[in-house]
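Me: I would like to go through this model with you. Could we start with the terms and then turn to the contacts?

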Amino acid sequence: MAKILLEMRNITKTFPGVKALDNVNLQVEEGEIHALVGENGAGKSTLMKVLSGIHPYGSYEGQIFYDGEECHFTNTKDSERKGIVIIHQELALVPYMTIGENMFLGNEQGSSFKINWNETFGKGNEYLRIVGLSESSRTLIKDIGVGKQQLVEIAKALAKHAKLLILDEPTSSLNESESKHLLDLMLKFKEEGMTSIIISHKLNEVSYVADKITVIRDGSTIETLTKGVDDCSEARIIKGMVGRELSDRFPKRQSNIGEVCLEVRNWNVNHPLYTERKIVNDVSFNVKKGEVLGISGLMGAGRTELAMSIFGKSYGEAIHGTIIKDGKEIHLNSVEDAIRNRIAYVTEDRKGNGLILSNPIKINTTLANLKGVSNHGVIDRDKEYKVAVDYKEKLRTKTPSVEQLVGNLSGGNQQKVLLAKWMFADPDILILDEPTRGIDVGAKYEIYCIINQLVSEGKSVIMISSEMPELLGMCDRIYVMSEGKFVGELSGEEATQEKIMEMIIRGADNTVANSAS
Ligand code: ADP
Ligand code: MG
């Protein structure tokens, strides 16, 4: 049997009001890739923060054994000295510094008085090649995409001589080919003897790389599955995560569809910077009362741009077209106009523009409808609190209190706060952009239930999603968008993944043919 490199024994960690970890055990063998899975808020990140010394020795109970000895890390420097390097869920690179500077931040090359820049950039380049980047280490971080930034984080870990590499949801903001590259890199490092721990919600990725899978639920270890020995199918892992068989991933709904409530005609949007470039090209569509309408398409098809441009011209240049709501033409020149006309857009980028992470849940919940909690222009703090508690209960947001900062919540619970914020604004039409991205199966199911509840109250939901099964499982009707255009429309019953893909491909071909002629 291979050597046990890491053992975490009976780890218990409590935050005010929450027991995040309750006697958790984890064993990792040298040279393996060990996946840690569990629903949002299960305690995965906390466990890794305990391991790396972010939650220092003394702030938790239990023991950590690494490489044969018991460890008492008081900060990340301690754990890094042993070769334990963690890459966090939120990337922590400094945008206006070079790749090289970021890589050696806190690990500067040269003497403590003078940084050796040639060595910094030279070594920087070497590590970049190892992770498959051809950029110069003198490039600024802000000039490379998130996929490459993630690879820089790994190069940075290598520069610290990582022996145990921990990746906390590394692919949640990467596209498919970037994710594949990263996972293959993990497999290559494994060949070279490295041990890694990966946290991921994407179970297909977990089965691709992991030798063992430890399931955590509500702060406790449920089980560890070994590839080749145990059943490691997705269904099996999901069962461990949610504690029950999830036979139906989409809750049933009795559709009760009414009249058209929003119609968009000949909508056109140009790129905000490259103003001659058309991003949305003559799009027309409608949505009915009580309907869940899907918009399908590949990344870059223009769906978010379409939604944001409708939502008070939050995106784009030279926007023109007609919006008709309840039979009357309306003009939405600002977000306030959109809200006043009871249209809400729930962004895909909840950290960027949906929520104020440094503020408590109660403030975030009422952000889009301050009037609803004010008396004569003054915010009534009791009302604010009560509204936030109502939504917390209604949406089953997992948190001890609405005083909690949103930044401390897990992804699925942040998403619920964002939904609460827009539900409290009481819109007729909710545009949900990737509403379940980066959240686990259990929280996804709850969000689907919320959507069903909204349409049963006669509201309309427009759902933009890159996950086709989700659109197929939830929508009454689906439009297909490709390269700025709507290229097809399918009813929920007739829609299949194949039909949608075919429309996307055929639509893209037509676009090329049009621009060539
Ligand atoms: P996961 O990574 O599995 O999604 P986390 O480890 O982030 O879950 O969170 C576990 C629980 O601990 C959650 O209930 C979360 O809200 C809580 N929690 C995590 N960090 C903090 C913190 N700094 N302060 C208060 N509560 C926290
Ligand atoms: Mg986490």
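Reply: A polar contact is a pair of N or O atoms within 3.5 Å; within protein, one must be able to donate a hydrogen and the other to accept it, and residues adjacent in sequence count only if both atoms are side-chain atoms. With ligand 1, an N or O atom in the side chain of S45 is 2.8 Å from an oxygen atom of the ligand.

Me: What should I know about the model itself?

Reply: This is a predicted model, in which local features need pLDDT of at least 70 and side-chain atom pairs count only at pLDDT 80 or more, while totals for chains, interfaces and linings use all residues. Residues are numbered from 1 along each chain as its sequence is written, chains are lettered from A and ligands numbered from 1 in the order in which they are written, and side-chain values use heavy atoms, with hydrogens and water left out.

Me: Which residues come nearest to ligand 1?

Reply: They are G41, G43, K44, S45 and T46, out of 13 residues around the ligand (a heavy atom within 4 Å). A backbone N or O atom of K44 lies 2.8 Å from a ligand oxygen atom, and a polar side-chain atom of T46 lies 2.5 Å from an oxygen atom of ligand 1.

Me: Changing topic, how is the chain divided into domains?

Reply: The assignment, which is automatic or from a database, gives domain 1 (1-83 + 163-248), domain 2 (94-161), domain 3 (260-342 + 427-517) and domain 4 (350-426).

Me: How much area do domain 3 and domain 4 bury between them?

Reply: About 1,300 Å², with 65% of it on carbon and sulfur atoms. Buried area is the accessible area (1.4 Å probe) that two parts lose on being put together, summed over both. In domain 3, P427, E446 and I450 lose the most area to domain 4, together 35% of what that side buries.

Me: How many salt bridges are there between domain 3 and domain 4?

Reply: The count is 4, a salt bridge being a side-chain nitrogen of Lys or Arg within 4 Å of a carboxyl oxygen of Asp or Glu. The side chains of E446 and K416 form a salt bridge at 2.3 Å, N to O.

Me: And which salt bridge partner does K212 have?

Reply: K212 pairs with E32, with the closest N and O atoms 3.1 Å apart. K212 lies in strand β9 (residues 212-217) and E32 in the loop between β2 (18-29) and β3 (33-37), so the pair ties together parts 180 residues apart in sequence. Strands here are DSSP runs (E, at least two residues), numbered from the N terminus.

Note on methods
Helix = DSSP H or I, 4+ residues; strand = E, 2+ residues; numbered from the N terminus.
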